[in-house]
Amino acid sequence: MNNELKIFVPGHITGFFEIINNENPLLKGSRGAGITLDEGVVTQTSVCEGNGSLNITINGKVDKRNPISQTCVDIILKKYNLDISCYDIDINHDVSLPIAAGFGTSAAFALGISFTLPKLLGLNISFKEAGDIAHLTEISQSSGLGDVICELYGGCVMRLKEGSPTNAIIDKINITRPIYVISKSIGLLETSQIIENPHHQMMINKSGSILLDDLRKNPSIENFIKLSRTFSQKTQLISPELYEILEIFDEESIGSSMAMLGNTAFSLSYTPDTNVEKCNITKINTTGVEFKNK
């Protein structure tokens, strides 16, 4: 039996969204649109005989900003009634994007675990079932509402119906040439502070549903970034400092907006060139999650 698995999960930037509440966490989520990135999280999980130790690290170090991983493990153990007292488990997330900055890293952590740990413990679960576990993890921590299903499939994803991967409905915008994603983060922003705030929910939902209808009528990457910018302005989430960066991005790209939800400006471009210093430059990912083991 293979005792180690490695999987890549792309990062994800939401351009705009609408919060859909439901008492059933599998039906709670968001509608909207976003892009996945060629950078993200590589999770390596190993299981061997031992004494029940569980070691979870980010880039090789214990990180208190990572409650999502422990929660995902707990959900898996409870859901399948598993006893890990005779195993030692090591999970490391190799992250190439800022955490808590609007790149969907919490969803990527959860997906990395939900795809690797059950398999290593002798369970065979489906693609969407692994996604459902990650979705439940996100909902329980108020760390995200729609990143999971987008990261599963990759591309520029339109979330047409909310919920876990088993329940949601998505579509994609066709991408016919490489598109660069240029981003600049200027600080952290806790997702839970926004999505659990009634005022922010009202402002978000007032704009999100209308913009999704507009994108469905004209599903292009140019329209996506245009509508994302409209959303960031109407919701009043964008800061003056971030707006200054967007003005520079606008002059050199297809368009730019704020990553939802993070204190991050991003632009889409056909070239990697930018005048903004210390940016992260990657491309739109089109493959979704991908096992790295040979």
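**Overall form and helix packing**

For 294 residues, a compact globule would have a radius of gyration near 19 Å, and the 18 Å of the protein agrees with this. The model is a predicted one. Along its principal axes, the C-alpha trace spans about 55 × 40 × 35 Å. The secondary structure comprises eight helices and 11 strands. Buried residues account for 56% of the 294 residues. Of the contacts between residues at least 6 apart in sequence, 76% join residues that are at least 24 apart.

Attention may now turn to two of the helices. Two packed helices are described by the angle between their axes and by the distance between those axes. In this model, helix H1, residues 67-79, packs with helix H2, residues 105-120, at an angle of about 35°, and their axes are 9 Å apart. The crossing of H1 and H2 is right-handed. From H1, the contact draws on Ile-68, Ser-69, Cys-72, Val-73 and Ile-76, while H2 contributes Ser-106, Phe-109, Ala-110, Ile-113, Ser-114, Leu-117 and Pro-118. By type, the residues of this contact divide into nine nonpolar and three polar, with no charged residue. The spacing of such positions may be read against the geometry of the helix: an α-helix has 3.6 residues a turn, so residues three or four places apart point the same way.

Each helix can also be considered on its own. Within H1, the residues Ile-68, Ser-69, Thr-71, Cys-72, Val-73, Ile-75, Ile-76 and Leu-77 are buried. H2, with 16 residues, reaches 22 Å from its first C-alpha to its last, close to the 22 Å expected at 1.5 Å a residue. H2 is mostly covered, with 15 of its 16 residues buried.

Asn-81 is a residue other than glycine with a positive phi, and it is found in the loop between H1 and strand E4 (87-95). With a relative accessible area of 70%, Asn-81 is above the 50% cut-off and therefore exposed. Ser-142 likewise is not a glycine, yet has a positive phi of about 50°. Ser-142 lies in the loop between helix H3 (127-141) and helix H4 (147-153). Its relative accessible area is 17%, under the 20% cut-off, so Ser-142 counts as buried.

Val-41 is placed in strand E2, residues 29-49, and counts as buried because its relative accessibility is 1%. Apart from neighbours within four places in sequence, Val-41 is in contact with Ile-7, Phe-8, Val-9, His-93, Asp-94, Val-95, Ala-108 and Phe-109. One of these, Phe-109, also takes part in the contact of H1 with H2. The C-alpha atoms of Val-41 and Phe-115 are separated by 13 Å, although the two residues are 74 residues apart along the chain.

Conventions
Residues numbered from 1 in each chain as written. Predicted model: local features only at pLDDT ≥ 70, side-chain atom pairs only at ≥ 80, totals over all residues. Heavy atoms only, no water. Axes fitted to C-alpha atoms, helices over the stretch in contact; angles between N-to-C directions. Helix = DSSP H or I, 4+ residues; strand = E, 2+ residues; numbered from the N terminus. Left-handed = near helix turned anticlockwise from the far one by under 90°. Contact = heavy atoms within 4.5 Å. Nonpolar A, V, L, I, M, F, W, Y, C, P; charged D, E, K, R; others polar. Expected span 1.5 Å × (residues − 1). Buried < 20%, exposed > 50% of the residue type's maximum accessible area, 1.4 Å probe, protein only. Rg over C-alpha atoms; globule rule 2.2 N^0.38 Å.
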